[in-house]
Amino acid sequence: MNDNYLSVLEQYEGDLSEVRKGRGAWICQWAEGIRLLREYRGSVKRLEFEESILEELKERGIRLVDQYVRNRDNGILSSAEDGTKYILKDWFLDRECNLKEPWEILQAVEWIARLHQALRTIVWQEGWDLASMQPPALEEEMVRHSREMKRVRNYISAKRKKNEFELCVMQNFGMFYEQAMEAQEGLELLGKRQQRERLFLCHGDLNQHHVLMRSGEAAFVEFTQMHRGNQMRDLYHFMRKAMEKHGWGQELGISMMQRYDSVLPLEPEDRESLYYLFLYPEKYWKQLNYYNNARKTWIPAKNVEKLKKLESQQESRNHFLEKIR
């Protein structure tokens with residue numbers, strides 16, 4: 001990082017008392033509160049979309065969001081002397097959600113439900129209909145991932161001499177691929193039944209790093225992947241991270257769904273979506289995808305361990321799936 005940020009910060013109103021480096025950004029202490037400055041390479045239209053949604057969220061009780069701060073010229077983007085573009089936004093020094101603490105996980109899930117509830121009340125505007133705001137349907141993504149899994153299996157199958165990672169793939173591929181096919185077909189049928197009205201605004205990248213906890217409240221940050229889609233995907237991503245940390249204990253999984261449901265009732269279609277999302281072997285696909293895009297001559301031992309761990313967790317994972325089906 002260079003000193004371009006100094007000329008950028010001069011473009012904003014307010015009293016700035018301290019600036020320190022963060023991860024690829026600058027954390028700034030203003031009289032008005034903590035703010036974050038970072039480079040930006042996207043479009044102004046995208047920023048204005050996020051800004052309008054975040055403002056509506058604050059009006060609906062989700063007050064801790066990383067809203068953008070406009071400069072003296074009322075611009076949402078600011079330029080350094082070399083032409084580099086920057087954004088400044090509200091920030092929080094609260095810690096990330098601790099996935100080791102079940103009580104904190106449940107508190108975060110409750111606030112995720114409140115976030116989704118607020119997002120559902122925001123009326124979609126035609127001017128927001130950008131391609132980046134509605135990614136491919138879940139079933140389309142699963143079809144692509146399944147195809148990639150099969151391609152890797154075929155490649156490994158044709159090899160005469162296989163390393164430990166490749167032997168693990170051949171040993172458990174059938175089980176995981178069968179789950180992938182069931183999840184893919186289930187979501188395709190569900191997608192045909194669901195109407196357009198079931199599409200809502202979603203955070204798009206909801207994990208423990210983007211849910212910051214404070215006493216009795218949560219802050220949500222990094223809405224850069226926000227789009228219109230299936231909100232259960234948000235819930236699934238957060239829940240899966242927590243479930244993996246706790247060995248797929250079904251008690252925690254059910255408690256998370258119950259806490260969400262107590263704020264925003266889960267419809268039958270929501271529960272079905274969650275089931276198929278959890279059924280699809282996403283972590284297994286990620287390992288095969290990593291293998292496909294890396295050097296085949298050397299596979300890190302940790303990747304072999306991850307594959308073996310996935311297989312060892314199947315019994316607990318299957319019990320959870322049976323419970324929510």
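This is a predicted model: local features need pLDDT of at least 70, side-chain atom pairs count only at pLDDT 80 or more; totals for chains, interfaces and linings use all residues.

Q: Where does Trp248 lie?

A: Trp248 belongs to the loop that connects α6 (232-245) with α7.

Q: And what is its phi?

A: The phi of Trp248 is near 60 degrees, a positive value in a residue that is not glycine.

Q: Is Glu222 buried or exposed?

A: Glu222 counts as buried, because its relative accessibility of 12% is under 20%.

Q: Back to α7, then. Which residues of α7 and α11 meet?

A: From α7, the residues are Gln250, Gly253, Ile254 and Met257; from α11, they are His319, Phe320, Lys323 and Ile324. By class, this contact has four nonpolar, three polar and one charged residues.

Q: How do the axes of the two helices cross?

A: The axes of α7 (residues 250-263) and α11 (residues 314-324) come within 9 Å and cross at roughly 35 degrees. The crossing of α7 past α11 is right-handed.

Q: New topic: strands. What is the order of strands in the open sheet of three?

A: The order is β7-β9-β10, and the pairing is antiparallel. At the edges are β7 (95-96) and β10 (217-220), each of which pairs on one side only. Helix α3 (residues 102-120) packs on this sheet and touches β7, β9 and β10. The direction of α3 makes about 60 degrees with that of β10.

Q: How many bridges are there between β7 and β9?

A: There are two bridges between β7 and β9 (residues 211-214), which pair in the antiparallel sense. In this pairing, Arg95 stands opposite Met213 in β9.

Q: What about β1 and β2, how do they run?

A: Strand β1 (residues 16-21) and strand β2 (residues 26-30) run antiparallel, joined by five bridges. Glu18 has Gln29 in β2 as its bridge partner.

Q: And what lies between the strands of that hairpin?

A: Four residues lie between β1 and β2 in the hairpin, where Gly24 takes a positive phi near 70 degrees.

Q: Switching to cysteines: how many disulfides are there?

A: The count comes to zero disulfides. Cys202, for example, is in no disulfide: the nearest cysteine sulfur, that of Cys97, is 19 Å away. A disulfide would need the two sulfur atoms within 2.5 Å.

Q: Is Cys202 buried or exposed, and what about Cys168?

A: Cys202 is buried, with a relative accessible area of 0%. Cys168 counts as buried at 8% relative accessibility.

Q: How are Asn154 and Met170 separated?

A: Along the chain, Asn154 and Met170 are 16 residues apart. Their C-alpha atoms are separated by 9.6 Å.

Terms used: Residues are numbered from 1 along each chain as its sequence is written. Side-chain values use heavy atoms; hydrogens and water are left out. Two strands pair if DSSP finds at least two bridges between them. Contact means heavy atoms within 4.5 Å. Axes are lines fitted to C-alpha atoms, for helices over the stretch in contact, and angles run from 0 to 180 degrees between N-to-C directions. Buried means under 20% relative accessible area, exposed over 50%, partly exposed in between (1.4 Å probe, protein chains only). A crossing is left-handed if the near helix is turned anticlockwise from the far one by less than a right angle, and right-handed if clockwise. Ala, Val, Leu, Ile, Met, Phe, Trp, Tyr, Cys and Pro count as nonpolar, Asp, Glu, Lys and Arg as charged, and the others, Gly among them, as polar.
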